[in-house]
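Reader: Could you take me through this one and tell me what stands behind each term?

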Amino acid sequence: VQLQASGGGVVQVGGSLRLSCAASGRAFMFSTVGWFRQAPGKEREFVARVSWNGALRNYADAVKDRFIISKDNSKYTVFLQMGSLRPDDTATYYCAADPSRGWPAPNYKQWGQGTLVTVSS
């Protein structure tokens, strides 16, 4: 499975953005998918994850109540709807998939190339 993250860009503080993670293979339908981010000079951190069927979701405390992760298996795509964006949300966002449906601790095997989100004040 190959992953392609997209949707990044420049947005003002308080704005919204939707990221997409599109997959190439049918195995994505049965994969747990997560979003991570890495800001300049910082380590990569977990943002959100969704179970293979979209029924379960987890969020990092920093994004809870502002971001929503969803999975559309008919389109082989996972979305990350981001709202109330803040400057500290600025980072490159990556999606990753665990094809073995791992939950609550997925073992991510495939990673996308990342999409840059810049929140300007």
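Author: Gladly! In S8, the bridge partner of Ile69 is Leu80. This is a predicted model, where local features need pLDDT of at least 70, side-chain atom pairs count only at pLDDT 80 or more, and totals for chains, interfaces and linings use all residues. Residues are numbered from 1 along each chain as its sequence is written, and side-chain values use heavy atoms, with hydrogens and water left out.

Reader: What makes S7 and S8 a pair?

Author: Two strands pair if DSSP finds at least two bridges between them, strands being DSSP runs of E with at least two residues, numbered from the N terminus. Six bridges join S7 to S8 (residues 77-82), and the two run antiparallel. They form a hairpin with four residues between them, and Tyr76 in the turn has a positive phi of about 55°.

Reader: Why is Thr115 called buried?

Author: Buried means under 20% relative accessible area (1.4 Å probe, protein chains only). Thr115 has 10% relative accessibility, so it counts as buried. Thr115 lies in strand S11, and its side chain reaches the backbone nitrogen of Gly8 at 3.0 Å.

Reader: Which residues does Thr115 touch?

Author: Contact means heavy atoms within 4.5 Å. Leaving out residues up to four places away in sequence, Thr115 touches Ala5, Ser6, Gly7, Gly8, Leu19, Ala91, Thr92 and Tyr93.

Conventions: Buried < 20%, exposed > 50% of the residue type's maximum accessible area, 1.4 Å probe, protein only. Polar contact = N/O pair within 3.5 Å; in protein donor to acceptor, adjacent residues only side chain to side chain.
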